[in-house]
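This report describes how two chains fold and where they touch. Please look at the sequence and structure shown here before reading on.

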Amino acid sequence: MVTFKIALRNSFRQKRRTTLTVLTMLGGFALASISIAWSDGSYAYVIDMFTRNQMGHIQLHRAGYLDRPSLYKTVDDYKTLGAAIETVERVQHWAPRLYSSGLASVGEKSSGVRIIGVDPERETATTRFDKKVTAGRSLSLSASHEALLGTGLAKTLKAKVGDEVVIVSQGADGSIANDLYRIVGLISSGDAIGDRTALYLHLTDAQELLVLENRVHEIAVVVDGLDDLDEVAAAIQTTIQQPETEVATWQEFARSFYVAMRADQQGSWISLFVILLVVAVGVLNTVLMTVLERRREYGVLRAVGTGPGQVFRMVVMEIMIMAVVSIVVGSAVAYVVNYQLSIEGVALPTSFTYGGVTFDRLYTIINARSFYIPAVCIILTAVAASLLPAQMAARVAPARAMRTH
Amino acid sequence: MNADNDHKVIIAEGVTKEYSDDGVPVMALRGIDLTIEQGEFAAIVGPSGSGKTTFLNVVSGLDSITDGSVRLDGKLLSSMSGRELSDYRRDKIGFIFQAYNLIPVLTVEENVEYIMLLQGIDKKERHRRVRDLLSQLGLDGMADRLPSRLSGGQQQRVAVARAIVSRPALVLADEPTANLDSKTALDLIDMMRRLNEDSGVTFVFSTHDSMIMARARRLIVLKDGRIDRDEAQA
């Protein structure tokens, strides 16, 4: 207790130096906190936009479809399956999709296309489908031989809203599939490359064209938040009771995107390391100066019977007191900044596209990580920086130290 | 240890101390043989550089010896580890320094009770002893003051209180009056002598002040690291 008392009072002796040290640690804490909140917020935002706008958080496919897609690897009786999925906790929406490839012709222009059959109502609820229509309108809620063309594809085919498009493909029964559709709108999904080939049909129209009645290739599911998706996926798998249907989270079916995000996120540790290095140098400087100045006092303390361990703890405690003050005040500062940036975000000087989604503003997120990681790091840095000086203080030779002026 | 040693607080035999001063070897003590009995009030005197401070440092374990042996209250110092020496100083020796050396961030009361805190003496007993001693040493009403708000004489009295409050076997004082004016110095020495007579605490102090020497009951004169004279005084 007396060791703590001396450490506490010592920390207020050199007010200017203490203030500077506390400010160094406080600044380091706040910067680290904001950096983590910014990184987590940005990635959560990118992931959320990417998954909510396109893929969904969880997808269901016939086993093996993701590794080797095929017209014949379908999920059957998707409506019953969807009804079962809806009963799982945290599931918000689901949307069925059908995929195939074919040839589309508008007038004399032809191009290879990716045929995507969607349920407009469910797709809009799941991935904001209608918001992506940039010209004309979205598909009617019931099948009406309508088509939406990706903006890139429309350019290739020199097509405009109101034109007719002929699609030629292959039916699941081996027949030649072809039909005529009216272009009701153009769509920009955010994935510019995908939009060069994307052609959307009503799910029922696509099923008729490809002879895949009541069958789909994919069911996209969105849930309330990105946390613990594995648990939701497992719950869906249990609920549907179909071993031939695979349930995968976005980390699995968009593995390359996930790996890229993880790699980017790892990079933020470097900035944290640099911040902590600056803090460590500041703390080391303070403690070294303190120990050298108080060499005589440590000699006296040792002379009157204070153990080396007690002197060691005294020095470390003094820095720990400053670290705790820095963390408490730094938390308040970081919270205010993080909160403000989580609401208003920061406009990017130039927008960027990630995974087909365009971002022009990024936000922080207020989470426990952005407080406890900097707190632990500041404490460890402060302790590490004070170990050597504390050792020097504990090992002073009393007789020699007391001759110091 | 035999029965004859029971009353001997310090037994120094052939104590030699050599140290290096900027690479130049200096022989500070040259084979000192000295015994201090319990209850003595002894002064170690001699000119600057005669080895007074070095002797006090080696008999308290603050500094090592080059040769010979020192027994303090029967214990051979050279056989103790750093930690043991630390505990031993805490429990057996009280120190009074020329520059007072109080802990600047602790109040008078906290400075005096510091060693008792290290010893784990309970709060009630600590406060009783501190209160009694401060009163005895004329420091009433100063318990809550920081050392920086005391005069030199007051600080040295606090240092005396700190040195004796844990009831050590020996109090070592290195030039305790060097920074005090004559009157305050004599008052302090008289006070130490009273404590010696009243409580039987053994005092060994170094000085080169002739007025202070006259108050000692034993005078040990050092010259060039050797005992030049060792005589009892009235």
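## Basis and terms

Two residues are in contact if their C-beta atoms, placed from the backbone, lie within 7 Å. This is a predicted model, in which local features need pLDDT of at least 70 and side-chain atom pairs count only at pLDDT 80 or more, while totals for chains, interfaces and linings use all residues. Residues are numbered from 1 along each chain as its sequence is written, and chains are lettered from A and ligands numbered from 1 in the order in which they are written.

## Contact between the chains

In chain A, 17 residues are in contact with 19 residues of chain B. On the chain A side, α1 (2-10), α11 (295-303) and α14 (398-401) are the elements that give two or more residues. Helices (H or I, at least four residues) and strands (E, at least two) are DSSP runs, numbered from the N terminus. By class, this side of chain A has nine nonpolar, four polar and four charged residues; Ala, Val, Leu, Ile, Met, Phe, Trp, Tyr, Cys and Pro count as nonpolar, Asp, Glu, Lys and Arg as charged, and the others, Gly among them, as polar.

## Overall form of chain A

Chain A has 14 helices and 14 strands. Its radius of gyration is 31 Å, well over the 22 Å that the globule rule gives for 405 residues, so chain A is more spread out than a compact globule. The radius is taken over C-alpha atoms, and the rule is 2.2 Å times the number of residues to the power 0.38. The C-alpha trace of chain A spans about 100 × 45 × 30 Å along its principal axes.

## Nonpolar cores

A residue is buried if 20 or more other C-beta atoms lie within 10 Å of its own, exposed if 12 or fewer, and partly exposed in between. A nonpolar core is a set of buried Ala, Val, Leu, Ile, Met, Phe, Trp, Tyr and Cys residues joined through C-beta atoms within 7 Å.

The largest nonpolar core has 114 residues, and those with the most contacts inside it include Met25(A), Val315(A) and Val171(B). Helix α12 (residues 308-344) of chain A gives the most to this core, with twelve residues. A second, separate core of 61 residues includes Tyr200(A) and Leu212(A).

## A hairpin in chain B

Strands β1 (residues 8-21) and β2 (residues 24-37) of chain B pair in the antiparallel sense over ten bridges; pairing requires that DSSP finds at least two bridges. Ile11(B) stands opposite Thr35(B) in β2(B). The two strands form a hairpin with two residues between them, and Asp22(B) in the turn has a positive phi of about 55°.
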